[in-house]
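Hello,

Here is the structure I said I would pass on. Please look it over first; my notes on it follow below.

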Amino acid sequence: MTPMQKDADGLWSATTAALAPEIYEYRFVVDGTPILDPRNADMRDNLQSPSSNLTIPGTPAEPWELQSIPHGIVEHRFYTSQVVLGLFNNQSDYFVYTPPGYDAKAKRSYPVLYLLHGFSDAADGWSTVGKANFILDSLIASGKAKPMIVVMTLGYGNMAVLKPGRDPVIRAQNMDLFEKALLTEVIPQIEANYRVSKKREDRAIAGLSMGGHESLFIGLTHTDLFAWIGTFSAGLSGDAVAQLPKITAQKADLRLLWMACGVDDALLKPNQAAIAALKAQGLAVTAIETPGHHQWPVWRDNLIHFAPLLFQK
């Protein structure tokens, strides 16, 4: 926390050390109450702890910055869910990134990445704070990643999981219902409305924290649907590690199982244990450890390094 000082004109200010290029989250604390910056429209719309964003640009520009390159389009879609519990009027949502040059009327089909947010974020987590669309724009423009469609959907099966207490029964139900919503509602809608390939070799799933847990379990349980799996600081506990799906490398036939975590993250040890357990089953795991805590700079960096690996022959 950085204290602010009021000058003779009544203006409050604070000075920090020089900051490295990154997107920083901040809030003001007034008489003990956290508030957002009322003059800053760039914010993280988190369901539990929203914050304002401050971008320090890099030279040259970082992949997550707005650049003078071809841009894809992000669409926000709503649908009536018959699966997810606790939604207002049963309305769920997802965001879809289509790459530059995408033509819904053309015959070309694109590979698709289902990219999941973490606990307490909403469906817009990866587009507003993760800057996934800018990252994909940059990677595609530089030839580092193949053009792909990215689906960023609401990652809950029961909205009651957001209430205090972390009830284990509700957490398990949340996971089960989200899996059902993804497989029976979201994926069919994407395949009906977008030019995406329906081949497992052209379908990937990845996510951060809670979304990493979901990606790992759903991906390993449905290797008939997903050939590429990525986790960024997966929200795994000891119980989750013990419950990992049992599958042989031959049956999984994965093109990539990529698991990353920050070295200062409290989830590092559970992730290391999961990686060891999966390797003991004979699965080839690409294990990545990076500097950082459980934070967005780590996850943006994960996406920058993960996306170029996808859908390569």
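**Sheet and helices**

Helix α2 lies across β8, β9 (91-98), β10 and β11, and runs at about 20° to β9. Here, contact means heavy atoms within 4.5 Å; axes are lines fitted to C-alpha atoms, for helices over the stretch in contact, and angles run from 0 to 180 degrees between N-to-C directions. Helices (H or I, at least four residues) and strands (E, at least two) are DSSP runs, numbered from the N terminus. Helix α7 (residues 268-280) also packs on the sheet, where it touches β13 (228-232), β14 (256-262) and β15. The direction of α7 makes about 160° with that of β14.

This is a predicted model, in which local features need pLDDT of at least 70 and side-chain atom pairs count only at pLDDT 80 or more, while totals for chains, interfaces and linings use all residues. Residues are numbered from 1 along each chain as its sequence is written, and side-chain values use heavy atoms, with hydrogens and water left out.

The sheet is open and has eight strands in the order β8-β9-β11-β10-β12-β13-β14-β15, with mixed pairing; two strands pair if DSSP finds at least two bridges between them. β8 (73-80) and β15 (286-290) are at the edges with a single partner strand each, so one side of each has no neighbour in the sheet. From one strand to the next the twist averages 15°. Strands β10 (residues 112-116) and β11 (residues 149-153) pair in the parallel sense over three bridges. Tyr 114 stands opposite Val 151 in β11.

**α2 and α8**

The axes of α2 (residues 132-141) and α8 (residues 296-306) come within 10 Å and cross at roughly 30°. That makes α2 roughly parallel to α8 (angles under 35 degrees count as roughly parallel, over 145 as roughly antiparallel, 65 to 115 as roughly perpendicular and the rest as oblique). From α2, Ala 132, Ile 135, Leu 136 and Leu 139 meet Arg 300, Leu 303 and Ile 304 of α8.

**Ile 69**

Ile 69 sits in the loop between β7 (51-56) and β8. Its relative accessibility is 21%, so Ile 69 counts as partly exposed (buried means under 20% relative accessible area, exposed over 50%, partly exposed in between, with a 1.4 Å probe and protein chains only). Leaving aside residues up to four places away in sequence, Ile 69 touches Asp 137, Ser 138 and Ala 141. The C-alpha atoms of Ile 69 and Ala 141 are 6.8 Å apart, although 72 residues separate the two along the chain.

Regards
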